[in-house]
Amino acid sequence: MKRTWDRRTFVKLTASASGALVAGVYLQSCGSETVPETIYEFSPLIKIDTEGWVTLIAKNPEIGQGIKTALPMILAEELGADWDKVKVVQGDFDKAYEEQWAGGSYAIILNWDLMRTAAAKVRHVLIQAASKQMDKKISELSAVKNKVVHSKSGEALPFEKLLFEASKLPLPETVELKPKEAFEIVGKNMPQVDLEQLVNGETKFSIDVKLPGMLYATVLKNPVFEGGVGDYDDTRARSVNGVIDVMELNNSAYGERLLAPNSPNFVNGIAVLANSTWAAFKGAGKLDVTWDTSGTRKENTDGIFKHFQSQLTNTTIERKDGDIHRAKRNAALSFEATYQVPFLAHIPMEPMNCTVDFRDDLCEVWAPTQNPRALEEGLIKLFGLQPEQIKIHLPRIGGAFGRRYYVDYAMDAAILSKKTGKPVKLTWTREADIQHDWYRPASVQKMMAALDEEGLVTGWQHILANASRKTCLGREGRPAGTELDEYEFPAGFIPDLQFEYGHVLSDVPLGQWRSVGHSAVAFAVHSFLDELAILNTMDSIDYFLKFLGPARMVPVVDDYAFDVKRLISVVERVRRNSNWDIPLPKGQGRGFAACKHSGSFVAEVVTVSVDANEKVTVLKVDAVVDCGIVINPSGAKAQVEGGILEGLSAALYGEITVKNGAAEQSNFHDYKWIRMDEAPEIHIEFIANNLPPTGLGEPPLPPAAPALANAIFAASGKRIRKLPILSG
């Protein structure tokens with residue numbers, strides 16, 4: 001007899017049972033008899049079978065940040081599992097899994113206690129069962145490498161011998177967690193759990209999904225932001241070999257431009273369905289379209305930045321400490337500078353794609369999404385489905401950087417599958433991926449500092465003007481909240497401080513991008529601090545440390561305080577590691593910046609050379625990071641390297657420009673990114689401590705641009721106040 005459990009049955013059973021659920025699964029052998037392997041599911045995240053294998057569910061979307069390895073490591077650590085006997089399975093979207101999304105560097109922050117507690121509860125019932133079988137005190141037992149071991153006698157029972165008894169016990173409401181000094185898995189270098197498959201090409205990304213009878217599609221969209229379809233002739237497109245159908249997609253029939261606040265709907269366009277992706281691409285290239293651009297602003301980059309500049313004098317006050325005008329009047333010296341950053345695209349290597357099989361009783365989706373809940377909510381809104389009619393699979397994702405937090409592309413695929421009655425795999429071209437992005441907001445920022453006779457800052461004014469992503473995405477609250485909020489550094493450090501925001505309306509689609517607003521604000525703040533150091537003829541790190549003051553907790557907003565000691569620690573360490581105080585040859589220079597983001601502290605020193613023709617070469621980056629406990633050092637190092645390289649790339653080359661309401665860039669030839677032969681040496685050190693782990697995907701990025709700009713000044717005397725550095 002073979003018995004399986006679906007999710008509904010599992011929920012019903014666990015809701016009524018007093019102990020853990022036992023899911024009996026019998027695997028067919030080569031002969032006529034069955035192999036009695038039984039899988040015991042103690043929680044939605046943890047299963048243990050009678051062969052001694054522990055199966056852990058990696059619930060969060062894996063976008064290259066290593067979370068498919070890191071979260072199971074936490075589970076395995078607290079469970080007392082043997083990592084060599086662990087299988088990791090990517091979980092589908094399921095509301096039984098809490099916090100199942102990727103973004104904002106929150107995955108570890110939100111799941112650290114959640115994972116530990118879930119695993120510790122299972123460990124507790126295994127030890128309880130062992131205590132009964134061994135007739136030993138619970139206090140003398142521990143779980144180590146898939147065994148429960150008696151500390152005094154050394155007697156041990158493997159997990160598989162305890163499963164039946166443990167499954168009858170209720171999971172405790174509260175549980176004691178392992179002391180950090182007892183960790184055997186967390187803190188060790190672990191390869192990604194699917195590294196071998198990635199290297200040999202076996203990993204299946206969403207773009208690799210194939211279903212029987214599947215159609216392939218792409219959508220040609222109006223290049224002008226907020227535009228629609230006027231008229232079109234599909235005669236030439238339909239003549240392309242392999243093209244099956246052509247149809248218009250209009251979001252006015254599906255709830256307009258937003259699915260919900262912070263969740264954009266698909267952009268209007270014309271879909272081409274074919275028997276292959278390449279036929280669909282070719283057919284789309286043959287469409288003759290008259291686009292409707294009525295009602296759009298038809299903006300240009302120069303005009304957008306002129307609006308930003310003019311709005312610097314028409315602002316709302318977002319934070320006011322003391323009296324900035326008094327500080328100016330009493331200052332021995334005032335200094336100001338204005339900085340400019342561009343719109344930035346995401347350019348993940350895997351372009352937007354999604355496969356949907358919309359059947360009568362089920363909408364099944366294979367989606368490279370950071371935000372599966374938003375995808376479910378979008379399908380419910382567009383089609384009136386019930387949650388139980390939706391199944392979302394989460395394949396490995398080929399990069400995201402915030403772009404895949406939005407699910408507009410998945411709505412394209414769902415509508416086409418619904419209309420055709422067949423599975424549809426939708427794939428965007430690289431050009432569509434860049435030109436229909438949700439860009440990092442551009443901005444103009446004016447900085448002013450009032451200084452005393454010793455060059456110390458007594459007053460600080462930061463004015464930022466731009467188009468707000470909060471406004472673009474229909475989110476509630478003040479537009480400044482996503483651009484320059486009251487938490488930004490150096491709030492709390494200066495007695496007379498004022499943040500101001502100039503709000504500009506624009507059609508340019510705006511959204512999350514790796515470290516979002518902080519990537520822009522940090523460039524202005526830490527470039528300005530370097531300028532203040534030079535103005536006072538002081539070493540940049542010395543001036544920064546003097547600016548910070550002594551180690552202490554600085555109150556910022558409500559109960560949030562800034563731990564100055566941790567920032568000082570990474571700054572002093574990176575000074576040593578980078579040989580900051582040893583002079584460099586002429587034409588070379590070092591630049592420094594240090595930030596806090598997502599709870600983590602990062603200090604970076606960039607070393608560059610600038611030749612007589614002003615060619616900039618990034619030679620080396622030294623980084624020191626305090627992110628609390630490092631779950632997987634090898635994965636953490638990769639995150640820091642990736643954040644630094646993306647920060648350098650954006651600072652050197654990244655720029656989306658707009659002409660007549662459309663993005664001008666379309667591929668890697670005109671949206672350049674750093675190449676392998678340009679990548680510098682990167683040296684990384686993590687501060688060792690036992691503090692709770694914090695975010696790491698985004699914090700290494702913001703210091704990179706100001707550190708690079710400051711290094712260029714040190715090498716050449718040329719001050720960079722506008723990004724990208726190598727524009728044009």
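Two strands pair if DSSP finds at least two bridges between them. Strands (E, at least two residues) and helices (H or I, at least four residues) are DSSP runs, numbered from the N terminus. With that in hand, strand 24 (residues 443-451) and strand 25 (residues 457-466) pair in the antiparallel sense over eight bridges. You are looking at a predicted model, where local features need pLDDT of at least 70, side-chain atom pairs count only at pLDDT 80 or more, and totals for chains, interfaces and linings use all residues. Residues are numbered from 1 along each chain as its sequence is written, and side-chain values use heavy atoms, with hydrogens and water left out.

- Leu 451 stands opposite Val 457 in strand 25.

- Another open sheet has three strands in the order 8-9-10, with antiparallel pairing.
- Its edges are strand 8 (141-144) and strand 10 (156-158); each has a single partner strand, so one side of each is left without a neighbour in the sheet.
- Strand 9 (residues 147-150) pairs with strand 10 over three bridges in the antiparallel sense, and Val 148 stands opposite Leu 157 in strand 10.
- Helix 3 (residues 107-134) packs on this sheet, touching strand 8, strand 9 and strand 10, and its direction makes about 125° with that of strand 8.

**Helix 14 against helix 15**

- Helix 14 and helix 15 pack at an angle of about 105°, with their axes 9 Å apart.
- These two helices are therefore roughly perpendicular to each other, a label for angles of 65 to 115 degrees.
- In the contact (heavy atoms within 4.5 Å), His 526, Leu 529, Asp 530, Leu 532 and Ala 533 of helix 14 meet Ser 540, Tyr 543, Phe 544 and Phe 547 of helix 15.

**Cavities**

- A cavity is a set of points on a 1 Å grid over the protein atoms alone where a 1.4 Å probe fits but cannot get out, and lining residues have an atom within 4 Å of a point.
- Grid points are joined across faces, edges and corners, and a volume is the space filled by probe spheres set on the points.
- The largest cavity is lined by 16 residues, with Arg 440, Ser 519, Ala 650, Ala 705 and Leu 723 nearest its centre.
- Helix 17 gives the most to that lining, with four residues.
- The second largest cavity has a volume of about 60 Å³, and its lining includes His 526, Tyr 543, Phe 592 and Asn 710.
- Helix 14 gives the most to the lining of the second largest cavity, with four residues.

Conventions. On a 1 Å grid over the protein atoms alone, a cavity is a set of points where a 1.4 Å probe fits but cannot get out, and a pocket is an open set with protein on both sides within 12 Å along at least five of seven lines; lining residues have an atom within 4 Å of a point. Axes are lines fitted to C-alpha atoms, for helices over the stretch in contact, and angles run from 0 to 180 degrees between N-to-C directions. Angles under 35 degrees count as roughly parallel, over 145 as roughly antiparallel, 65 to 115 as roughly perpendicular and the rest as oblique.
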